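Let's take a friendly walk through a protein model, one piece at a time. Have the sequence and the 3D view ready.

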Amino acid sequence: MRAIPEHDSQAASPDQQRVVRIGCASGFWGDTNTAAFQLVHQAQIDYLVFDYLSEVTMSIMARAKLKDPSQGYAHDFVTRVMEPLLKSIAKKKIKVVSNAGGINPLSCRDALVKLISDAGLDLKVAVVLGDDLMTEQETLRVSGVTEMFTGQAMPEQMTSINAYLGAVPIRDALAAGADIVITGRVVDSAVVIGPLMHEFGWGVEDYDHLAQAALAGHVIECGAQCTGGNYTDWEDVPGYDNMGFPIAEVSADGSFVISKPEGTGGLINLGTIGEQIVYEINDPQSYILPDVIADFSHVQLKQVGENRVQLTGARGRAPTTQYKVSATYADGYRVLVSFVIAGIDAKRKAEKVSQAILDKCERVLALRGVMGFTEKSVEYIGTESTYGPHGRRSDSREVAVKIAVSHPYQQACMFLASEIAQASTGMAPGLAGIMGGRPKVSPVVKLFSFLIDKSHCTVELDINGIRQVTDIPAGVKHEPLAPISAGDIADLTQAKNLVTVPLIKVAHARSGDKGNASNIGVLARRPEYLPWIRASVNEQTVAEYMAHVLDGANSRVRRFELPGLNAMNFFLENALGGGGMASLRIDPQGKALAQQLLEISVQIPADLLK
């Protein structure tokens, strides 16, 4: 790691010495509600931020709003987080920024305002509007909008259509005196970039500063996932029962330190932070956001204390002229059933029973003149079926069977759900119980992504019912950077005294999802290991090893280099069976794919490994 220059305290102005502390209390809708209490009462922070939204969450909120016009936001943010903490937040002058508004940010605002009034407090709430494009779906359809990855035409009936807005309106809301800012769909890091633009006066063309802010937002946006959660070396992480949530301590030059509240569990080191940087990214040179295109390829990490890591080196360039829009639509129905089979030859019994259930259901459907299931997925948990050909166990005496199917008609899925129980008396012995009771049918929600000119969206602030339009920079045409060529690659044919070890011995890894794609970031434990890792783990070997999750000829694997982290990022296209709520797999978001790749073989000199 390169040395990071110390600040000259004698020459630095007060503003240069100032540090803004931003704590993240939520990485998704469903994250622990204890994090906000921890950050408010056990740490010194200036901002408390929350990230609740994903494409799946937006579709769930959209359905909730259809049933009840007052719903469609993260209601537990209001009732379980803000209500008990409002007085402490006000007393400590902590500002709050959250995308909890979801599909209905004005209703979220109204619920908050009532709480504030009932508590006798004087807090100003601002709402960012302009991301919701549902009223324009017919106009968009007629204009010929197509899905940006598949070229598919826009379906007839959408569930949600939301543009990923940026940080500028959040900055403007804080400049207008807002104590709490509620947004709908914004990019995850915007809740961090906006406050930093406001606090340090960074302009819309301060691209390197904005890239550092984006990096801070990217690192802390998933909560405890950067403080030891999902860490490869999980046994090194203490205190899972009281995980510390992250705080970004940001200086005026854009450098920042990641820390956590004193006395909490978790771990912050070069590995935990490095893994989070490579999480859910594509090309690390072009992390495209509405406010900046950030380049993370040369980011540097430095351990500056116990559970304290400093980050520098992100670079930025002008943003594009377009917003990414994530829309969702219902495409039939799905049902997932799970049951346990125990005893001798459990896997063979599980295979015969699951196939019999599917055969019976499709035979009856055919007799009724109904087509078979659109898609079927059967996985035998306990037999390593998710590992495909790399599974090692077939002798388990206890197997959980997961059957998932999709169909255009709800009744067909309901029929499968009703046919599971009969297997306990009419099929092989040992069916010990249906997990979760009678299965419930749910819509198949699919993602439809496209780009739209920023000028198409009118971004507004609503403060006390008064609307004002936010001026958004136009952006420029995106010009990708030339890919970073691979560094040294060891010559395995000339090397002597080679030993074969699993990747986990020489690297960390973290995986995540991008729609129907997955990424697997691989970070060398020592720089000198990297040439040997490159020699064994490349696009071809990863594609072959992970072939069981790829969609044949429709998939490809691309590799990107991150020299600053001694890392590589592998991007696996069409690897998640549709991804999100469209996927029938047990791991629809690719969370465990890195765990599989960590067992791929690497050849390395025995002396170097010592």
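In which sense do strand β23 and strand β25 pair, and over how many bridges?

## A pair of strands and their sheet

Strand β23 (residues 517-524) and strand β25 (residues 567-572) run antiparallel, joined over six bridges. Pairing here requires that DSSP finds at least two bridges between two strands. Strands and helices are themselves DSSP runs, numbered from the N terminus: E with at least two residues for strands, H or I with at least four for helices.

Touching means contact, that is, heavy atoms within 4.5 Å. Angles run from 0 to 180 degrees between N-to-C directions, and axes are lines fitted to C-alpha atoms, for helices over the stretch in contact.

## About the model

This is a predicted model, in which local features need pLDDT of at least 70 and side-chain atom pairs count only at pLDDT 80 or more, while totals for chains, interfaces and linings use all residues. Residues are numbered from 1 along each chain as its sequence is written, and side-chain values use heavy atoms, leaving out hydrogens and water.

In total, the protein has 17 helices and 26 strands. Its C-alpha atoms fill a box of roughly 80 × 70 × 50 Å along the principal axes.

## Two packed helices

Now look at helix α11 (residues 346-367) and helix α12 (residues 410-418), which pack at an angle of about 140° with axes 10 Å apart. They are therefore oblique to each other; angles under 35 degrees count as roughly parallel, over 145 as roughly antiparallel, 65 to 115 as roughly perpendicular and the rest as oblique.

Which residues meet here? From α11 come I357, L358, C361, V364 and L365, and from α12 come A412, F415 and L416.

## A hairpin to finish

Strands β19 (residues 460-463) and β20 (residues 466-469) pair in the antiparallel sense over four bridges. E460 has V469 in β20 as its bridge partner. Two residues lie between the strands of this hairpin, and N464 takes a positive phi near 55°.
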